[in-house]
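Please consult the sequence and the structure below alongside the text.

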Amino acid sequence: MMNWETTWNKWLKRDWKEFFRGLQWKLVVIFSLMIIIAVQVIGVNFFYSLNKFFVDDLQRELTLQADLLKNNQGIQETLQEQIPLADKQTKLNTALKQLIILKTREKGTDFSAEVQILDHSRYVLASSKTDQNIGKINLRAQQEEMGTLTRRDLSDETDYQVLLMPIYASDNESEAIGFIYIEASLEPIYYKIREIIRILVKSTAYAMAVTGLLVILLTRTITTPVQEITSQATAMAEGDFDRRVSVKSEDEIGKLAKAFNHLASHLREALSEKEEEKKKLETVLANMTDGVIATDPEGKVIVKNRWAEKLLSREIQLGERVDEILELSQPIQYPIVETSQQLLEIRGETQDEWTVLQATFSPIKRGTEESVGLIAVLSDVTEQEKLDQQRKDFVANVSHELRTPLTTIKSYLEALDDGAMEEPELAKRFLKVTQQEADRMTRLIQDLLQLSRLDAKRVSLQRTIVSIRDVLEDVVDRFAFQSKQKEISLTLQIQNLLPSVFADRDKVDQVLDNVISNAVKFTPEGGKISVTAKRRKDGLVEIAIEDTGIGIPKSDLGRIFERFYRVDKARSRDMGGTGLGLAIAQEIVHLHGGEIWIESQYQEGTQVYFTLPTSYRR
């Protein structure tokens, strides 16, 4: 009971609109129409042939009957005899009925046609069924031509087969002495045909029912696997590749199911590989140090990585045009056919903050010719550009720094050659200036050589355990005289129990000399310089040199360690600096594994800090 209820509920809930659009319904309708049309064609041809057969058979029967009467000697003689009409009619009636009775006995069937014998004027002389027409003219026979035909009686809507045959005398066949008129109703034939049709329709209905069931079963054998494959294809479209189509036969449908399962298996493997490759690509893109932006043929973004957003300092939306994202000096012409490069300059919040990006545009090609988009690779070349600019500035500065003393030396030597040698005091002063400029060039070259060795890592540190107290006391003593001359207060503060450092004593002295000499140079008379040393929480020793000098503007602090960089170029050169002291100090501190930095307020003073590792941190 429950199974019937379940089946009925499923039947009621079925999507009949979808069912009537389905292949199974179409196949059922097509096969049914084919069968119906075939039955109709066969039926029409059969009924036509059957009707023709019965009518032809009736015509033959009527013709045989008429020939029997026509060739009867007694009937011919009676028609020729000169006897009273009543006697002639009696004799012809008797002969007619005898011949019909003989015919029916011979055939074993009833002869239902009406047979009349007419004279030459077509008066009825004898009739096989009724005497009411004897002595009357047969109007139908008078209107008919010789032979057989079919007529309809409009009074009772009945069809009749009519035969009119002349009777000739045995010795004269040129003129008819009478006629045989036979009229048979076609209704018995029609009745037989209707009965046959009824039987045929009944049989056809049974055959259609059986055939319909067979067609449904046939279509189900075709549509059920197709529906299952369709369901699997829908599941595959939603990402389920584990389902399989059941293979129930070895025919074309079974082969299709096997091929589909094979396709599903390979498609799953292909999508797994694609997903794996996609994850690899996403991982590569996410961890690249270059920004990547891919576009479609119209320049709309379809792929981007987070590094591209970081380099551009903005969020990139999918579908956004690359021309709106990148401020290009030359617009992109789509589609691009070859790789090209452009430099982009991204300004920061301040004037000094800027980033230089190199954008490389490469076409994405389908096959070997058609371009379907482009890939833009963004590389941060800020450091390269800065290094390139520093290299250019370095060459220019070295040239300038060497040219200035050489120009001075040359001009003084020319003055001496022009006669200044004749004046001892003047010549002595000129030679002194020349010697000073030569010393300046020597210092510059020595600093350049040292920087070159530091850059090439060719400087080896002679590290030992060094007392930082001794180092600082010595350096303060060395600058005490200069400080006293400018009336600058130079003080030293060292934390108690300060540990020793593991360093190269000469290199540490050079760092301190460079930093303290700058403090003395740029601190006005009456100013203060303090040198302090303490141990930090991380175990490093921190040394600080603070002065109350002219200070450094905030805009120059970021470049203070650049080579040849001077805040006040003219004043620094007059004081004999090369512009390399802090750069050398930075390299030496880094070589020891420490850090150096500067804090300053313009017109208020400067604080230089650097750290060194203790002997316990080796």
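The points that follow are grouped by topic. The model is predicted, and its largest nonpolar core comprises 45 residues.

**Nonpolar cores**

- Within the largest nonpolar core, the residues that touch the most other members are Ile 468, Leu 472, Leu 512, Ile 543, Ile 545 and Phe 610.
- Helix H15, spanning residues 505–521, supplies the largest share of this core with seven residues.
- There is also a second, separate core of 29 residues, and among its members are Ala 95, Ile 117, Ile 167 and Ile 182.

**Nonpolar surface patch**

- A nonpolar patch on the surface is formed by Leu 33, Ile 36, Ile 37 and Val 41, which together have about 360 Å² of accessible area.
- Ile 37 is located in helix H3, residues 23–70.
- Ile 37 counts as exposed because its relative accessibility is 53%, the cut-off being over 50%.

**Positive phi in residues other than glycine**

- Glu 487 has a positive phi near 55° and lies in the loop between helix H14 (480–485) and strand E12 (489–494).
- With a relative accessibility of 59%, Glu 487 counts as exposed.
- Gln 603 has a positive phi of about 70° and lies in the loop that runs between strand E16 (596–601) and strand E17 (605–612).
- Gln 603 is exposed, since its relative accessible area is 52%.

Notes
Residues are numbered from 1 along each chain as its sequence is written. This is a predicted model: local features need pLDDT of at least 70, side-chain atom pairs count only at pLDDT 80 or more; totals for chains, interfaces and linings use all residues. Side-chain values use heavy atoms; hydrogens and water are left out. A nonpolar core is a set of buried Ala, Val, Leu, Ile, Met, Phe, Trp, Tyr and Cys residues joined through side-chain atoms within 4.5 Å. Buried means under 20% relative accessible area, exposed over 50%, partly exposed in between (1.4 Å probe, protein chains only). Helices (H or I, at least four residues) and strands (E, at least two) are DSSP runs, numbered from the N terminus. Patches are made of residues with over 30% relative accessible area and no salt bridge: like charges are joined within 9 Å, nonpolar side chains (Val, Leu, Ile, Met, Phe, Trp, Tyr) within 5 Å. Accessible areas come from the Shrake-Rupley method with a 1.4 Å probe; for residues, only the protein chains shown count as cover. A salt bridge is a side-chain nitrogen of Lys or Arg within 4 Å of a carboxyl oxygen of Asp or Glu.
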